[in-house]
Amino acid sequence: MENNKDNQEYPIPDLSYLRDMTDGDEESLKEVIAIFLDEAPRLMKLMKDSAGSGDHDSLKFSTHKLITQLTYVGITSVIPDVKLINTGSSKMSDLKERVDRIAEVVEHSMTYLRTLI
Amino acid sequence: MEKILIIDDDKLVRKVFKMTLLKEGYDILEAEDGPTGLQLIRSEHPDLTLTDYQMPGMNGIEVLAEIRKTKTNMPVIILTAFGDVVLTIKAIQLGAFDFLEKPVNPELLKTTIKSALESVNRSNKLTGIIKKDIPVDTALEHSILVGKTAKMKEIFKSIGLISMNRVNVLIQGETGTGKELIARLIHYSGITRSEPLVVVNCSALTETLLESELFGHVKGAFTDSIRDKKGKFELAGEGTIFLDEISEISHNTQVKLLRVIQELEFEKVGGESPIPMKARIIAATNKSLEKLIQEGKFREDLYYRLKVFTIDMPPLRERKDDINDLVIHFLYKLNKRFNRNVTKIGDGVIEMLQQHNWSGNVRELENTILQAMIVAKNDVLEKENISLINRFEGDQEKQGNKEMIVSLAEVEKAHIKRVLDLVNWNKVEASQILDISRPTLNAKIEKYNLIQ
């Protein structure tokens, strides 16, 4: 029961796009995941910092990049929120909560992805 | 081995594309920003560039603009996380081969790259057909003189004779065969060249207006005539008056025109003093005047006065050997007018055009070339750029093949599929061309079960 709830809140990344792109090559898949694990923390930090400081330009840039990366590694559940922030962060009253929620899901997915490499 | 340059500040994107494209046998170059990419283009001469749009410092459109300054022919594909209509249009205007949304479908990426490289290869094999140093005046003459077929050569010979004599000429031919061009050539190539050429479209004016246009009027001749006005015959002086669609003039105007030709003078509407008529008359018709005479709609005596010399313009379907030269001419003319650089003709294009019926004649051909030029993705006019389907169906219908007639839905389905294929299923671009919203396009794709 607890596990099901956990899966609903933190869905397992869907790697089907990457598998298509890498033509099922597991080594290549691992290489891409490793790059994501290396790059994502920097983008996540930039997103959090710019949300905190109200730097909407940096927020736009970081979310733009995150959309692509999250799509590639199949962390799709947060993409609608990232897109909303990308297009209208300045009008959001709950910006910080949304950013925290995204960070939580991405962190959880990264933990799972680390087990694959 | 073809070399592809990937410009993207996102290492993960570069990696994914690199892996995919290495498997396809391409050599891959990578750059993490625009300036580095441009440097690699200068030193490594890649065959194609994939560039992200959103990059710090220099965006993909700026990269594309820089590339186009020196590499006019290298395909550039721009990638973005969001489909953006304005960006897409700008990218295509600047000469991007395509504009793809990330994450790019692997198959779409491969086919787009393959198609871009193939188009360059075809372009490289073909020799440029447009001589860029033709001066404008010469080009104008070329526009009239296009035609190597026997029928056209005979017409050109006739023009040589007519242009040195001030005889009246009747030009007959279907719509779009170039009757006005022939009239211009007669005028400008002979003794009238330094005199005015005045063009009157007889079908565009009511009887009263036409008479006022042709002969002029004096002040007070009718309600709105507040001052004297010269008519076209007077304005033509010793030059040429070209009466287009002569079959459309009323019986009354026919009588007055006949009198002008017989007596070589006319009076303004409401006027009494005769004015000498010195201009040569060239009349044109897309209807059979002989048939109209039989039906009592056109005066026989006027007909014989107009057709001192007759030129019959052949329909394009009877001079298909001229299509190659006409296409070259239109490319030259339209490139100049629309600031394009489509200077080559792809394999099979001329043959494809020669198979068409061309019910709209040369004018239809020109419009077809213009449409094709607009969608051409590089300097080559390709078969897939040319839209003939609907017209072909129209031709079939005219020929009585009723079994070929399909429902409106089938026509719509075929057209949407063709546009989607043309733009490699880029829905933003397709919806632009089709002039419908993207949700509407999606709904139609679903309705017609269209598959890439």
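The second largest pocket of this predicted model has a volume of about 500 Å³. Of its 27 lining residues, T177(B), G178(B), K179(B), L181(B) and R363(B) are the closest to the centre. A pocket here is an open set of points on a 1 Å grid over the protein atoms alone, where a 1.4 Å probe fits, with protein on both sides within 12 Å along at least five of seven lines; lining residues have an atom within 4 Å of a point. The volume is the space filled by probe spheres set on the points, which are joined across faces, edges and corners. Helix α8 (179-189) of chain B gives the most to this lining, with five residues.

The largest pocket has a volume of about 1,100 Å³. It is lined by 40 residues, and I92(B), R340(B), A376(B), K377(B) and N378(B) lie nearest its centre. Here α5(B) gives the most, with six residues. Helices (H or I, at least four residues) and strands (E, at least two) are DSSP runs, numbered from the N terminus.

Turning to the sheet, five parallel strands of chain B form an open arrangement in the order β7-β10-β13-β6-β14; two strands pair if DSSP finds at least two bridges between them. Five bridges join β7(B) to β10(B), and V198(B) has I241(B) as its bridge partner.

Residues are numbered from 1 along each chain as its sequence is written, with chains lettered from A and ligands numbered from 1 in the order in which they are written. Local features need pLDDT of at least 70, side-chain atom pairs count only at pLDDT 80 or more, and totals for chains, interfaces and linings use all residues, while side-chain values use heavy atoms, leaving out hydrogens and water.
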